[in-house]
Amino acid sequence: MIPLKYNVRNLRVRWVNTLLTVIGTGAIVWSSCILFGLVEGLQHSLNVSGDPLDLIVMRKGSTSETNSGIELTKAEKIPTLSGVMRDDKGRPLAALELLNIPIVERLDGSRANLIVRGVDPVSSELRPNFQIVKDGGRMFEPGKGECIVSKNLTKRFKGAALGSELKVGEREKYRVVGVFSSGGSAAESEVWVDRKDLEQNIAREGITSSVQVRAASQADFESLRKTIENDTQFKLAAIPEVQYFAEQSKSSIFLKVAGTVIAILLTIGAMFAAANTMYAAVRSRTREIGTLRALGFSRTDVLMSFMGESVLLCSLGGIAGLLATLPLSAITYGTSNFNTFAEITIQFRFGPIVMLVAFLMTVAMGVFGGLFPAMRAVRMDVVTALREV
Amino acid sequence: MKFLHYIIRNALRSPVRSLLTIGSTTMCLALMMMLLSFLSVNDSVATSLRTYNRLIVMSSQGFTQPVPYARVGEIASMKGVKGTSTFSWFGGKYNEEPMPFAQFGVSADKIFTLYDEFNVPPDQVKAFAEDKTGCAIGRKLAEERKLKVGDSVPLKGDAYPLDLTLTIRAIYDGPATRDLRMCFFHWDYLNEELKKVAPNSKMLDNAGVVIVKCESADQMATLTKGIDNQYVNSDTPTRTQSEEAFNRLFTEMFGDLRGMIQNIGLAVVFSLIFVAGNAMAMALRERTTEVAVLKAMGFGRGLVINLIITEAILVTLVGGILGAIGSKFFFDLVDLSKYTAGFLPFFFVPWSTALLGVGASLLIGFLSGIFPAIRAAQLSVVNGLRKVV
Amino acid sequence: MGKPHSIVLQNVNKEYRRDEFVIPVLSDLDLVVDEGEYLALMGPSGSGKTTLLNLIAGLDRATSGAVIVHGQDLGTMSEGQVTRWRADNVGFIFQLYNLIPVLTAFENVELPLLLTHLSKKHRRENVMTALRAVGLDGREDHYPRQLSGGQEQRVAIARAVVTDPYLLVADEPTGDLDRKSAEEILSLLQQLNTEFGKTIVMVTHDPQAAQRASRILHLDKGKLVRDEQQISFPVGVAS
């Protein structure tokens, strides 16, 4: 085998071409990874949102909280059911929640549907790592028209900063008294207010969107679910939270499809670019190839050497592109969930999907970009190659 | 230009290299066209709505909030209004499709006078208006789901606690910029059914949004203000805007995705500059002596630079035309929206976007050529000639 | 008063810098060449003959001293002016012909004419005249690789003379050719000198080639060591 060192040296000698190719393929890997980083971020957010002991109670037939509506009389019975976990103050962990999705202006003047969630005091305990962030004010007090806002939203929407007034309709407005975070879960795309306040503001007395319940144990989880679904006084849907969020993650299908199309088309483009560089490498080393063959290296050796060089070259690009995505993790993106039309914030996440995409792209462009140039090198006649200037 | 054939010959000197550069440019620009069109289609569709003199009245809290049915009649009697219709999103599931087509409860006797750009046979308009359980669907929807007049369309309620079984009475067709995959049915029918199953539902008597067709364009501004002023002190204030502005709302909801898609497009251009620049640099390295000969013969620096940049532009321009204009025609023939399960109601590459792509390829050619060109122009003639002797 | 001076070199020095070393190539060179002379430059490798040729042709600049060609002091001209001047005044002939492989014989010869304001029709006439002069009419549509070495060099000569330059410079024009082709090329150059009055400066290793010139300069280590005037030279001896 021809040592890989030989290829490393060659890439270094032709450093201008190497650098240009690395930047070119790197930019291609980078742009393909962006959407997958968002897919990854979205899935992570939905994964942490679902607790295995939690149920989301909605009207039968609804697939999303935003479409659901339950009469308050029914909903209020759910916290009283046996099998509901209790917190250290003895309160049942079952929260009635009411959703409103008004149109609110983003800071850049564009408009989006923002989830304003009317919550019960225990709602925060049903969310992972819910906390008011450091120097982020306090929890709202009921009846005062106050709200708390996810830290992801404070810099994105007009009036969402701590201390300012969030205006969500002609007469509906809330003073932002706190900024919260919740372990990257779905709650981080929401504004929270007191449920009663919201009820009055949107004239929805007597109705709630959903009830979030945590079961005391796995057995209670099953029995609660059965009770809520089958008992004649309820006849509601009790969907395991894990399943609910798994369903919601289908909305990332657009990002996945778009990401895949981008990755495939760009990989083909990058293959051509890599092939170009490798053809030039073969052409400029014709005599060397002849010499190597004359020294006794086989056709396979030459083939593997050039393929290896191509993969090496593309790996440099792949790594550069992948590293260039790291700064993106610091940024939160906002877009709409096109199932519910509600704004979701996504944190770019560098994880296994992104790495897999970059790896597959690198291998594809390295192998297919190197194949034909390497074959040209192999087919060269030794004697002619040696005579080449 | 008398040098053109020399430039073309140079570009064809290493056909594999030029083809690979062209291939790279084509693939990357085709992708860029898809991404940019995704954004610009929405804009151009919104703009195309300008001519129809229609307004959309929604709740001041956004289109997910109800507008009382009474508004439909009240607005219809206002001066300058030609007609009004409800437009209420049903959001039903069809045959377990994950992303079904959109269904709207409308004023069946009015809808096709308001949407006068749609072509429907007059007898079908009549049949649709007369059958309370009838529906009218778009041509593309009919073609793709193999539906025809007389077929029944079962819809499973999601946002509504009821199922509807509709019979197709009309199939509408219309311009390419209009959604030809909608399903219209009688709003009255939906409301009556809802009254039966949920007499207290907040969705009852909800018009959704109100479509208002104005008699002429100059009434639109007055009506927009007039309608909102009328209801500003009511329980349900309205927000009225042109149909164009209403449509832009959906584009705006993409939020940061817009910027991200533009960034990907820029990264692709950036990458191509390096890919094409590398190819050009490699081509010139192999041609060092020739450039020296040209300069010895009296070709000035400026001319040498011009020749090389023109060659670079020529190559990327071919790729640009194939990629940009090619994808324009490709997507005119192949309707991508068919494969997005309703996510995109339409997809085509607007001319402005295709030309932008061609422009980008010119820029890529220029930037990829300029540095190798300057390098070649600065090479000393004596050194360039010595390479051979 | 004799013929006007074509080339005047006064006290010319040329040195190259390589890292911290200064390598003198030409030192204190004085030379006068009259119009219509056919000068052969001879000398061992590294004697500075190609450098001298480059200075005369305006491809390189002297470190000190004056190079005056056709009344122009090349040292005082800008890069752009020298380039322009070369286009108008100098025709080049190289050892390896240096034709553009992707252009036909016709297009190769036409190339320098593209720098002029001649119309397409005039260009065509000039190219055909030049090709006829080198005996290659009928081959104008051939690509360099379809021609023999001798033919390629004739195309190169046609390219050098097509703009009707004042001076022809040739660097080992027969260095890569067989004897017979070499003789043909040398006769052609001689003909250009005698019939068209072109001043020619030719670098060569080949004593037989040098014999065709009207004057032979011998260089060694950057100095003129011998200056031979050929008393007479037969026209069209080799054919």
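**Chain contacts and the fold of chain A**

Me: How many residues of chain A are in contact with chain B?
Reply: In this predicted model, 53 residues of chain A are in contact with 46 residues of chain B.

Me: Which elements of chain A give two or more residues to that side?
Reply: Helix 2 (15-49), strand 5 (111-113), helix 8 (253-284) and strand 15 (332-337) of chain A do.

Me: And which gives the most?
Reply: Helix 8 of chain A, with 14 residues.

Me: How do the residues on that side divide?
Reply: The side of chain A that touches chain B has 28 nonpolar, 18 polar and 7 charged residues.

Me: Switching to chain B and chain C. How many residues are in contact there?
Reply: 19 residues of chain B are in contact with 20 residues of chain C.

Me: Which elements of chain B are on that side with two or more residues?
Reply: Helix 1 (4-13), helix 11 (288-296) and helix 14 (381-386) of chain B. Helix 11 of chain B gives the most, 5 residues. By residue type, the side of chain B that touches chain C has 10 nonpolar, 4 polar and 5 charged.

Me: Back to chain A on its own. How many helices and strands?
Reply: Chain A has 12 helices and 16 strands.

Me: What is its radius of gyration?
Reply: Chain A has 29 Å, whereas a compact globule of 389 residues would have a value near 21 Å. The C-alpha trace of chain A spans about 95 × 45 × 35 Å along its principal axes.

Me: What share of chain A counts as buried?
Reply: 52% of its 389 residues.

Me: And what share of the contacts joins residues 24 or more positions apart?
Reply: In chain A, 81% of the contacts with a separation of 6 or more.

Key. Residues are numbered from 1 along each chain as its sequence is written. Chains are lettered from A and ligands numbered from 1 in the order in which they are written. This is a predicted model: local features need pLDDT of at least 70, side-chain atom pairs count only at pLDDT 80 or more; totals for chains, interfaces and linings use all residues. Two residues are in contact if their C-beta atoms, placed from the backbone, lie within 7 Å. Helices (H or I, at least four residues) and strands (E, at least two) are DSSP runs, numbered from the N terminus. Ala, Val, Leu, Ile, Met, Phe, Trp, Tyr, Cys and Pro count as nonpolar, Asp, Glu, Lys and Arg as charged, and the others, Gly among them, as polar. The radius of gyration is taken over C-alpha atoms; the globule rule is 2.2 Å times the number of residues to the power 0.38. A residue is buried if 20 or more other C-beta atoms lie within 10 Å of its own, exposed if 12 or fewer, and partly exposed in between; C-beta atoms are placed from the backbone.
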